[in-house]
Amino acid sequence: MGQNQTGSRAYLFSIVLVAVLGGLLFGYDTAVISGAEKGLQAFFTGAGDFSYTDGIHGFTCASALIGCIIGSGISGFLATNLGRKKSLILAGILFFISALGSMNPEFLIFEHGVPTYSLLITFNIYRVIGGIGVGLASALCPMYIAEVAPSNIRGTLVSWNQFAIIFGQLVVYMVNFCIMGDHTNPIMEAIGQGVNRVLPESDPWTIATGWRYMFGSEAVPAGLFSILICFVPETPRYLVMAGQDSKALAILQKINGFKEGQKILDEIKNTVTEKTEKIFTYGVLVIFVGIMLSVFQQAVGINAVLYYAPRIFGDMGMENPMVQTVIMGIVNILFTLVAVFTVEKWGRKPLLITGSIGMAVGAFGVAVTFGTAGLEIITMISIMVYSASFMMSWGPICWVLISEIFPNTIRGVGVAIAVAFQWIFNWIVSASFVPMFNMQLNGDANFGHWFTYGLYGIICVLAAVFVWRLVPETKGKTLEDMTKLWKKE
């Protein structure tokens with residue numbers, strides 16, 4: 001009886017753990033390309049029917065982002081019409097298909113091991129399919145967790161999703177490292193007009209097989225996620241919108257206890273007047289805040305640092321850039337935990353504002369010191385401060401707020417719009433970083449470095465002002481309170 005009154009934390013944590021696996025897959029899929037891209041480049045460089053240029057390789061490496069934009073864009077429609085759970089099952093299946101298809105794009109159609117233009121298109125289609133899965137998971141996992149979690153620990157539980165994303169990236173770095181073993185990446189030589197050739201001393205195993213195992217390795221966590229998600233319940237908020245009150249009540253009472261479960265059900269029913277409402281029912285401001293949270297999370301430039309960390313540390317003159325990259329990865333994990341354990345004590349806004357200021361200090365530090373002899377250690381510390389400040393603030397807290405701020409009846413569509421903007425700006429920042437970073441002015445090779453990080457620093461300051469003036473504090477509020485909050489605006 002005692003458990004009936006207080007609810008089962010074990011039950012809650014078990015279903016949240018399954019949803020968090022979606023975050024791990026999100027991190028795994030976006031980072032797997034980092035280990036595989038050189039072998040993949042060497043493989044397609046051997047094609048006889050087209051020239052595999054740097055531009056085509058850049059598109060191939062980023063093709064999953066196209067799927068991410070599509071997946072996040074349709075997530076609201078699927079979440080509202082299929083439900084949160086079925087949409088997550090679909091995401092898991094897409095991850096699984098993408099993993100096996102990217103490993104063996106020749107399957108049933110092409111001759112194995114013969115690179116052609118048609119095979120490249122097929123490979124990219126499989127990567128886009130995986131990207132759709134990432135886009136769905138990036139919107140639906142935080143939404144699912146937010147809708148099953150009690151309000152007093154919701155921020156902490158949603159923050160674990162960001163931890164899982166970063167952890168998934170570290171897992172795939174280790175998996176790629178183990179797959180490589182004693183093998184080495186192919187040695188490429190530029191021969192002009194963005195075309196390269198593979199030098200004869202390159203390791204043939206890496207070109208023919210290594211990259212396949214890296215992509216295929218994702219099938220293991222994807223298969224596990226697809227099976228486990230079948231055993232979690234649909235969210236009570238969706239069940240009420242679908243007219244299944246008794247099922248919703250059973251889940252709410254199992255999580256929150258008998259009395260509290262009934263109370264939460266009554267609150268949900270009071271806010272769900274119909275299955276959905278028009279997107280601007282609660283005004284333009286709530287949509288604007290959701291979009292700008294996503295835009296700032298990417299526009300501060302974090303993915304340029306995460307994706308190109310070895311290149312940045314290499315340009316700083318570090319002997320082994322991978323060592324600094326690994327150190328940064330460990331720092332990122334530790335500071336993500338800071339957010340997980342403080343979000344319910346300090347609140348969302350203080351963490352975001354503090355993180356924005358820390359990032360601005362780090363970015364301006366890089367801008368001022370990059371390329372100056374004797375100041376390399378300050379540059380590296382500045383990058384670490386910048387990255388750590390993001391991980392304790394905008395990394396996890398943005399997902400928490402996006403999953404919370406929209407009223408029940410527009411949450412599916414609101415989250416979808418916000419997350420789609422996140423992926424669009426992810427692509428813009430990732431695509432613009434290298435050209436900006438390499439910019440020169442009157443022969444000054446460091447101009448691009450200070451311009452890029454100076455720009456990111458200014459955006460961090462703007463992000464702090466935006467949070468201070470426009471973002472509401474949601475700590476301790478129920479999801480039903482969001483209806484009242486925005487109705488007042």
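Predicted model: local features only at pLDDT ≥ 70, side-chain atom pairs only at ≥ 80, totals over all residues.

**Entry 1: salt bridges**

I started with Glu189 and Arg197, which form a salt bridge with the closest N and O atoms 2.8 Å apart. Glu189 has a relative accessible area of 32%, so I put it down as partly exposed. Arg197 comes out at 38%, so it is partly exposed too.

Next I checked Asp245 and Lys269, whose side chains meet in a salt bridge at 3.0 Å, N to O. This pair ties together distant parts of the chain: Asp245 sits in helix H10 (residues 245–256) and Lys269 in helix H11 (residues 258–271), 24 residues apart. Asp245 is partly exposed because its relative accessible area is 25%, and Lys269, at 41%, is partly exposed as well.

How many salt bridges does the rule give? I get a count of 8.

Then I went to Glu147 and Arg411, where the side chains make a salt bridge of 3.0 Å, N to O. Glu147 belongs to helix H5 (residues 117–148) and Arg411 to helix H19 (residues 411–437), so I noted a link between distant parts of the chain, 264 residues apart. Are these two partners buried or exposed? Both Glu147 and Arg411 are buried.

I wrote down a general point first: in soluble globular proteins, nonpolar side chains tend to be buried together. Here the largest nonpolar core has 118 residues, and Leu293, Trp394 and Phe406 touch the most other members. Helix H5 supplies the largest share of this core, 13 residues.

Leaving out neighbours within four places in sequence, its contacts include Val286, Ile287, Gly290, Val415, Ala418 and Met482. Arg411 is also in contact with Phe406, and Arg411 is the buried residue from the salt bridge with Glu147.

There is also a second, separate core of 22 residues, and Ala36, Phe123, Met180 and Trp211 are among them.

**Entry 2: nonpolar surface**

Which residues make the nonpolar surface patch of about 570 Å²? I listed Phe364, Ile458, Val461, Leu462, Val465 and Trp468. Helix H20 (residues 447–470) gives the most to the patch, with 5 residues. Val465 is found in helix H20, and its relative accessibility is 40%, so it counts as partly exposed.

**Entry 3: the whole chain**

I left the overall figures for the end. The protein has 21 helices and 2 strands. Its radius of gyration is 23 Å, close to the 23 Å from the globule rule for 489 residues, so it is as compact as a globular protein of that length. Along the principal axes, the C-alpha atoms fill a box of roughly 70 × 55 × 40 Å.

Of the 489 residues, 58% count as buried. I also looked at contacts with a separation of 6 or more: residues 24 or more positions apart account for 81% of them. The accessible surface comes to about 19600 Å², and 68% of that belongs to carbon and sulfur atoms.

Conventions:
Residues numbered from 1 in each chain as written. Heavy atoms only, no water. Patch = residues over 30% accessible without salt bridge, like charges linked within 9 Å, V, L, I, M, F, W, Y side chains within 5 Å. Areas by Shrake-Rupley, 256 points an atom, 1.4 Å probe, with all protein chains shown as cover. Salt bridge = Lys/Arg side-chain N within 4 Å of Asp/Glu carboxyl O. Helix = DSSP H or I, 4+ residues; strand = E, 2+ residues; numbered from the N terminus. Buried < 20%, exposed > 50% of the residue type's maximum accessible area, 1.4 Å probe, protein only. Core = buried A, V, L, I, M, F, W, Y, C linked by side-chain atoms within 4.5 Å. Contact = heavy atoms within 4.5 Å. Rg over C-alpha atoms; globule rule 2.2 N^0.38 Å.
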